[in-house]
Amino acid sequence: MSDINIGKAPGNSAILPFYATAAIAFLVLTVVMFCTPESFTRHYFTPHLLTIVHIAALGWGTMIIFGAAHQLLPVICEQDLYSEKLASSSWYTLTLGIILLTWKFWNLDIGWVMITGGSLIVFSVLLFVVNVLKTTKICVKYSAQRLFITSSAIWLLFTVSVGLLLALNLGLTTPLFRTSHLEVLKLHAHMGIAGWFLQLITGVSTKLVPMFLLGKSAKEYLLKNSFVFQNLGLILFLVDGYFFEISWRIFIYAGLVLTGIIFWLLYLRDAYKNRLRKRVELLMKHAFLSFLSLVIAVLLIPIVYYSEGYRWTMVYGTLIFLGWITNIILGKTFKTLPFIIWNGHYKHLSGKVKVPLPKHLYSEQLTIWQFRIFIAAFLTFALGLALQQLIVIRIGLFLWIVLAVIYNLNVFKLLLHKTKKLE
């Protein structure tokens, strides 16, 4: 953490609302999932599953990533964030947009409220993109992280724009798209997964993981190769899928993306081998397990493509949203948020009086239980999906609620921290 240039960090008022809202959204997500377990045994295009996926992707994943990205951009660029007001505005519009959109998704009530919600989300992402582009524009030093974060922001704008068009398309008698709604929905989903989440996580992790391990890698070419293959595979998939149809050629495109993922993981492996901190902390194990989930999800694509029914589609989605994205967020939250809180309370006191360390601001015991419950919840839920056993799915979903409660207790312990001086 000593590498973080705290002098250029934005104010906490521009960052913390994202963390707080994401934690609440995670709890809401698990409760909604528990209340509708049968959604995971049916076709994926149902109102309840659409609601669940959008709470997970926007309310949980995107919300907390916005907060982390606004915090990390000045660190990467060694420049101030272009506008804290834009960051705050993007939180207001994103939060309101998600509430309106998911509320109307629940009964698939297509109308002006849903469209307004979708429009607010697009506007929020547009504000985020402007902040990213303006901040990186004044970034003198080139870095692969800057490249990945910029491209991921643009992919996110494409994703939510197509999502808004899909919502409009539901209410029209003449379709907007030349191909079927469900086919475009698949393209929309993978634009978000491989364009937004994958590239953002690739960029951020190649900065944070070496930082937390006190490691480094001089193999910058691995990240450049990763960027090329991830984008090449995604672009070919989208063009082919829209103008022709999703076919066996998806394996070629998945292979290209997987190659990009392997280059990224090789870079992290090199940083891991050259680390000074030999002991791997528990929170870092979340990150390593998340990488494993991502690779398994990509390897599962042939089974999803050729299998009957939707069980493997559900397992695939679970590996992506819970095994990969949620897993890495659970670990990274307590590697970044304590430092942000500490910076706000103790930066001006550091060296003058004795103050707590960032790791003293949250409960390490709760992070141990968080890791244990995550393993149990993920495995039980995935097993229930694979077997399509409703009782096993219910048990898994109950464990996810327990996990979300533990996570929220620790997050709000940090957010509600009061400044104190040690004797």
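These legends go with a few close-ups of a predicted model. Local features here need pLDDT of at least 70 and side-chain atom pairs pLDDT 80 or more, while totals for chains, interfaces and linings use all residues. Numbering starts from 1 along each chain as its sequence is written, and side-chain values use heavy atoms, with hydrogens and water left out.

**View 1. Trp324 in the largest nonpolar core.** This core has 140 residues, and Trp324 and Tyr407 touch the most other members. (A nonpolar core is a set of buried Ala, Val, Leu, Ile, Met, Phe, Trp, Tyr and Cys residues joined through side-chain atoms within 4.5 Å; buried means under 20% relative accessible area, exposed over 50%, partly exposed in between, with a 1.4 Å probe and protein chains only.) Helix H11 (residues 311-346) gives the most to the core, with 18 residues; helices are DSSP runs of H or I, at least four residues, numbered from the N terminus. Setting aside residues up to four places away in sequence, Trp324 touches Ile193, Phe197, Leu198, Ile201, Trp264, Ser290, Ser293, Leu294 and Leu319, where contact means heavy atoms within 4.5 Å.

**View 2. Val280, in a loop between two helices.** Look between helix H8 (250-273) and helix H9 (282-299) for Val280. Its relative accessibility is 21%, so Val280 counts as partly exposed. Leaving out neighbours within four places in sequence, Val280 is in contact with Tyr272, Arg275, Lys285 and Phe288. Gly163 is 117 residues from Val280 along the chain, and their C-alpha atoms are separated by 40 Å.

**View 3. Leu126 on helix H4.** Leu126 sits in H4 (residues 112-137). With 39% relative accessibility, Leu126 counts as partly exposed.
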